[in-house]
Amino acid sequence: MENQVDFTQTTENGFKETMPKTWLVESILVTLFCCLPLGIVGIINASNVTSKYEAGDVAGSQKASEEAKKWVKYGFFAGLAVAVLYIIFIVIIGGGAIAAAASEQY
Amino acid sequence: MQQQHQNNTNRFAIIKWTIIAIILVLVVFIYKNYNPSNSNYFPKCPVLQTTGYKCAGCGSQRAVHALLNLDIKQAMYYNLMLVLFIPYLVLGAFFDLKKIKTPKQQKWQGIFYGTKAIWIVFIIVITFWVFRNTSFWIWN
């Protein structure tokens, strides 16, 4: 936890603390470019971060932020895995795909 | 020791961001020059492929292709939500990256990226997802 000192400094009223990262932008990108269910989980997690922060529960919102980060990571790696698998798939059936693409664009 | 560690961290960061930048340039080049609708080389949405229904992210690759070729109308046709969300995403990324914010910026972040705003985003995503699969959707 030592490397999170800046993050965990809690003042008497939580509102002086800046809001932890909600990962909302990343979650929307996951929704659009990868995996809708993971993106929606991310958006709900983002709302957990803000609602806890708005209620003054800074520690809780930091925990929610970690959770949100975890799900965005899942989304990112799922997207990456799909893209890599797709490329492998294309390379394996490469010849067939080229022929199909060529015949489509006559 | 500390210095050495710092140097290694910096070097790692430089390598990481160089790789990310190269990939980004490649992706932009590919998506600008190749239309995903005319090619088998782009991943297809598994939801659309198996069910025939579009998810909220369907068409985003084609929309990016259209956007990179400055055809906003065509991009909106492929994925309206992506185009409409761009300003919101850019502003959100700006707030995320800016570590020290002025009180005014904090106030706006609280309004645009607070709990209420996130629920509105959630409702927009679900509504878009449902309505783009109905006959009410005029961009089909």
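Contact here means heavy atoms within 4.5 Å. With that in hand, welcome to a few close-up views of this predicted model.

**View 1. B:F128 and its contacts in chain B.** Let us start with a residue in helix α7 of chain B, B:F128. Its relative accessibility is 6%, so B:F128 counts as buried. Setting aside neighbours within four places in sequence, you will find B:F128 in contact with B:A56, B:N79, B:L80, B:M81 and B:W137. For a sense of distance, look across to B:N38, which lies 90 residues from B:F128 along the chain; the C-alpha atoms of the two are 25 Å apart.

**View 2. B:Q105 in helix α6 of chain B.** Helix α6 of chain B spans residues 103–112, and B:Q105 has its place there. Is B:Q105 buried or exposed? Its relative accessible area is 18%, and buried means under 20%, so B:Q105 is buried. Beyond neighbours within four places in sequence, the contacts of B:Q105 are B:F94, B:F95, B:K98 and B:I100.

**View 3. Chain A, element by element.** Chain A holds five helices and zero strands. Read from the N terminus on, its elements follow the order α-α-α-α-α. Of the 106 residues in chain A, 38% are buried. Now take the contacts in chain A between residues at least 6 apart in sequence: 64% of these join residues at least 24 apart.

**View 4. Where chain B meets chain A.** Here 32 residues of chain B are in contact with 29 residues of chain A. Together the two chains bury about 2600 Å², and 73% of that is on carbon and sulfur atoms. Look out for B:N40, B:Y41 and B:I118: these supply 24% of the area that chain B buries against chain A, more than any other three residues.

**View 5. Helix α3 of chain A against helix α7 of chain B.** Helix α3 of chain A (residues 36–54) packs with helix α7 of chain B (residues 115–131) at an angle of about 160 degrees, and their axes are 8 Å apart. How do α3(A) and α7(B) run, roughly parallel or roughly antiparallel? Angles over 145 degrees count as roughly antiparallel, and α3(A) and α7(B) are therefore roughly antiparallel to each other. Their crossing is left-handed. On the α3(A) side, the residues that meet α7(B) include A:L36, A:I40, A:I43 and A:E54. On the α7(B) side, B:I118, B:W119, B:F122 and B:W129 are among them. The residues of this contact comprise 12 nonpolar, four polar and one charged.

How values were computed. Residues numbered from 1 in each chain as written. Chains lettered and ligands numbered in written order. Predicted model: local features only at pLDDT ≥ 70, side-chain atom pairs only at ≥ 80, totals over all residues. Heavy atoms only, no water. Axes fitted to C-alpha atoms, helices over the stretch in contact; angles between N-to-C directions. Helix = DSSP H or I, 4+ residues; strand = E, 2+ residues; numbered from the N terminus. Parallel < 35°, antiparallel > 145°, perpendicular 65-115°, else oblique. Left-handed = near helix turned anticlockwise from the far one by under 90°. Nonpolar A, V, L, I, M, F, W, Y, C, P; charged D, E, K, R; others polar. Buried < 20%, exposed > 50% of the residue type's maximum accessible area, 1.4 Å probe, protein only. Buried area = accessible area lost by both parts, 1.4 Å probe.
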